[in-house]
Protein chains: 2
Amino acid sequence: MTRPGSATVAPPRQLTARGLATRARIVDAAADLMYVKGVNATTLDDVRAASSTSKSQLYQHFADKDELVRAVVARRAGQVIEREQGYLERLRSFRGLERWRDALVQRNALQNGAYGCALGSMASELSDQDDEARQTLAEAFAEWTGLIAAGLRRMQDAGSLSDTADPDKLAVGLMAALQGGYLLAETQHDIAPMETALDMALDHIRSFLTK
Amino acid sequence: MTRPGSATVAPPRQLTARGLATRARIVDAAADLMYVKGVNATTLDDVRAASSTSKSQLYQHFADKDELVRAVVARRAGQVIEREQGYLERLRSFRGLERWRDALVQRNALQNGAYGCALGSMASELSDQDDEARQTLAEAFAEWTGLIAAGLRRMQDAGSLSDTADPDKLAVGLMAALQGGYLLAETQHDIAPMETALDMALDHIRSFLTK
DNA sequence: CCAAAAATGGACTATTTGGTCCATTCGATG
DNA sequence: CATCGAATGGACCAAATAGTCCATTTTTGG
């Protein structure tokens with residue numbers, strides 16, 4: 001309204017530090033709730049209570065629930081990518097890949113597999129419901145997969161991974177194994193299938209090691 | 001109430017063929033809607049309209065929405081298992097496994113990857129919401145995976161798959177690749193990642209072939 | 001063909017939930 | 001310390017949605 005074509009989500013008016021903090025509190029609370037209960041099962045009243053805000057605050061920062069959902073998706077995507085960057089940025093050996101797998105399995109074991117992947121569960125629920133959210137999630141998956149592929153390429157540069165290996169395809173396959181593992185673990189309330197799936201994907205990558 | 005410990009879902013009274021048909025129509029319509037819109041986004045009014053029934057019919061056959069959801073889950077599980085039995089029952093060669101993959105990819109390509117796996121999408125949405133549904137889905141996945149494992153064992157018996165291969169683990173890994181592939185395809189609206197994931201899983205199994 | 005049971009249509013109710021509005025409080029700034 | 005815009009609390013509204021109920025029609029079985 002103010003300046004056509006400015007930000008994607010234009011704040012209704014000038015935001016102070018206080019307002020910004022409230023907004024962050026809302027998104028954080030919503031992200032947590034939507035992760036454990038699902039997006040559609042999370043009500044705005046749930047969010048209001050969990051974030052210790054009021055209805056007016058919610059609508060001060062978000063035009064409607066969909067916009068809040070998109071903010072949550074963006075937030076989660078950012079969090080996951082940042083976390084994964086920490087693990088994958090310097091990946092350059094098969095041992096590093098194993099450590100990465102162990103970290104994922106361990107984190108998921110804390111909740112016995114429940115809730116699944118923060119991105120995956122939202123992707124499943126939102127892909128056929130909110131195209132903008134779907135695209136954001138698709139980009140996040142692409143970036144995540146890209147981090148893995150870059151690591152595999154570094155392994156090739158270091159000479160430990162054969163040049164016949166296709167880093168992009170291997171990365172997609174590994175990501176699929178991870179996501180499928182999350183889903184099976186969530187359904188069974190047991191992380192065993194997630195471990196098995198990742199082990200199999202790593203086994204396959206191992207077959208491309210040069211030594 | 002009538003006889004404690006009789007059927008899991010006791011029909012309210014004697015069912016005639018007509019009543020049974022109505023019930024089937026409701027479950028079918030609900031299954032379709034819930035597959036494309038998601039379980040929580042499907043309202044009872046949607047189901048009523050799509051099944052050409054009335055509110056009284058819905059509540060004649062199901063105590064509440066949860067019970068309808070569980071009937072849908074059971075139905076879908078039955079359908080998928082039956083379909084997969086058709087493909088996997090006589091599986092005894094790697095070529096058969098490839099045909100199985102092709103059929104899955106082709107079916108998913110018809111809708112450009114949208115909606116994902118009928119079981120997987122429900123599993124993701126219901127696992128943290130309805131424990132009974134979760135268990136049914138876990139059993140269905142186990143049975144499906146078991147069909148694959150049995151096929152791999154027949155390959156071992158036929159001598160084409162090495163005895164060092166672990167059919168159970170390979171089947172779980174393959175199922176995870178499939179489910180992860182479904183999810184990525186759904187999110188990207190492109191079946192390519194599903195193909196890549198399945199190819200990688202099959203490549204890995206191929207490495208256990210004896211010739 | 002008749003009576004009882006089953007099936008049906010659809011109006012109606014209660015509750016949940018998304019969304020609006022405004023009076024009041026808070027905080028930055030001159 | 002006065003003022004104005006931002007921030008807030010929470011009552012209130014409207015739509016959506018789950019669930020109830022009963023009069024009527026259809027089917028079944030004697």
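Me: Which residue of chain A comes closest to the rotation axis?
Reply: A:Gly180, with its C-alpha at 2.0 Å from the axis. One caution: this is a predicted model, where local features need pLDDT of at least 70, side-chain atom pairs count only at pLDDT 80 or more, and totals for chains, interfaces and linings use all residues. Residues are numbered from 1 along each chain as its sequence is written, while chains are lettered from A and ligands numbered from 1 in the order in which they are written.

Me: How can chain A be laid on chain B?
Reply: By a turn of 180° and a shift of 0.0 Å along the axis, with an RMSD of 0.0 Å. The two copies are therefore related as by a two-fold rotation axis. The superposition is by least squares on the C-alpha atoms of residues with pLDDT of at least 70 in both copies. The same surface serves both copies, as 98% of the contact residues of chain A recur in chain B.

Me: OK, how many residues of chain A are in contact with chain B?
Reply: 43 residues of chain A are in contact with 42 residues of chain B. Contact here means C-beta atoms, placed from the backbone, within 7 Å.

Me: Which helix of chain A gives the most to that side?
Reply: Helix 8 of chain A, with 16 residues. Helices are DSSP runs (H or I, at least four residues), numbered from the N terminus.

Me: And by class?
Reply: That side of chain A has 19 nonpolar, 17 polar and 7 charged residues. Ala, Val, Leu, Ile, Met, Phe, Trp, Tyr, Cys and Pro count as nonpolar; Asp, Glu, Lys and Arg as charged; the others, Gly among them, as polar.

Me: Last one: at what angle do helix 6 and helix 7 of chain A pack?
Reply: About 145°, with their axes 9 Å apart. Axes are lines fitted to C-alpha atoms over the stretch in contact, and angles run from 0 to 180 degrees between N-to-C directions. The contact includes A:Leu119 and A:Met122 of helix 6 and A:Leu137 and A:Phe141 of helix 7.

Notes:
Two residues are in contact if their C-beta atoms, placed from the backbone, lie within 7 Å. Helices (H or I, at least four residues) and strands (E, at least two) are DSSP runs, numbered from the N terminus.
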